[in-house]
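Please look over the sequence and the structure before reading on.

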Amino acid sequence: MSWDEVMPLLWPATRETLYMTGVATLFTAVLGLLLGVLLVITERGGLLPAPPVNGVLGIVVNIGRSLPFLILMVAIIPFTRAVVGTSIGNAAAIVPLTVGAIPFYARLVEIALREVDPGVLAAADAMGATRREIVGKVLLREARPGLVSGLTVTVIALIGYTAMAGTVGGGGLGNLAVVYGYERFETKVMVSTVALLVVIVLIIQAAGDLVSRRLTHK
């Protein structure tokens with residue numbers, strides 16, 4: 001297979017990978033942030049202490065993080081079919097991608113929120129701020145650099161997940177690498193997909209680091 005034959009295959013596969021990563025990132029950022037905030041505010045001594053709820057949330061997150069992605073994909077096939085009507089393709093891959101990434105990001109959110117100076121929260125409380133104001137205007141605002149860094153790590157993990165999803169019919173660069181690079185022994189395809197994945201990861205990491213640094217200096 002010549003390079004002229006390889007190049008037309010790369011763009012659609014790259015587009016599929018970016019699509020799956022982008023949509024999964026959107027859902028993960030929202031739901032993972034919410035779950036991470038709940039983990040912090042419901043702990044003993046938190047803004048809204050509820051140890052039983054916190055314990056249940058912690059167990060759910062730990063179970064989600066402990067499952068290898070390929071096993072998770074297979075385990076939730078009935079759920080995936082119920083949501084999108086199929087278990088194959090880009091749309092189907094987004095469901096396990098999101099389910100797998102939410103608990104991962106939630107823990108990173110929890111870590112970022114715990115790094116906020118308790119004195120800042122105490123000052124806001126002393127000034128009469130409500131719980132909602134403390135969470136939205138103080139806790140999340142002060143944790144922005146950590147939240148962005150955590151999201152960057154999560155996006156990069158999602159790219160790896162999309163490559164694995166491609167091996168079982170999820171599409172994207174992973175599927176291209178398996179169908180052409182592995183099954184047909186097309187070295188150029190394999191090298192190209194690996195190179196593209198590396199470039200995408202480097203760009204995302206650089207962008208995440210830049211945003212995080214700028215937020216740190218504000």
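## Surface

Accessible areas are calculated by the Shrake-Rupley method with a 1.4 Å probe. On this basis, the protein, which is shown here as a predicted model, exposes about 11800 Å².

Burial gives another view of the chain. The protein has 218 residues, and 39% of them count as buried.

## Secondary structure and overall form

The secondary structure consists of 10 helices and 0 strands. Reading along the sequence therefore gives the pattern α-α-α-α-α-α-α-α-α-α.

Along the principal axes, the C-alpha atoms fill a box of roughly 70 × 40 × 25 Å. Of the contacts between residues at least 6 apart in sequence, 72% join residues at least 24 apart.

## Annotated spans

The unreviewed UniProt entry carries the annotation "transmembrane region" for residues 20-41, 53-77, 83-106, 147-169 and 189-211. Two of these spans may be described in the model.

Residues 20-41 are 100% helix and 0% strand, and the end C-alpha atoms of this span are 31 Å apart. Residues 83-106 are 79% helix and 0% strand, with their end C-alpha atoms 22 Å apart.

## Charged side chains

The protein has 16 positive and 13 negative side chains. How far apart do the centres of the two sets lie? The distance between these centres is 6 Å.

Terms used: Residues numbered from 1 in each chain as written. Predicted model: local features only at pLDDT ≥ 70, side-chain atom pairs only at ≥ 80, totals over all residues. Heavy atoms only, no water. Helix = DSSP H or I, 4+ residues; strand = E, 2+ residues; numbered from the N terminus. Buried < 20%, exposed > 50% of the residue type's maximum accessible area, 1.4 Å probe, protein only. Contact = heavy atoms within 4.5 Å. Lys, Arg positive; Asp, Glu negative; His and termini not counted. Charge placed at Lys NZ, Arg CZ, Asp CG, Glu CD. UniProt positions renumbered as here; feature names shortened; annotations may be inferred.
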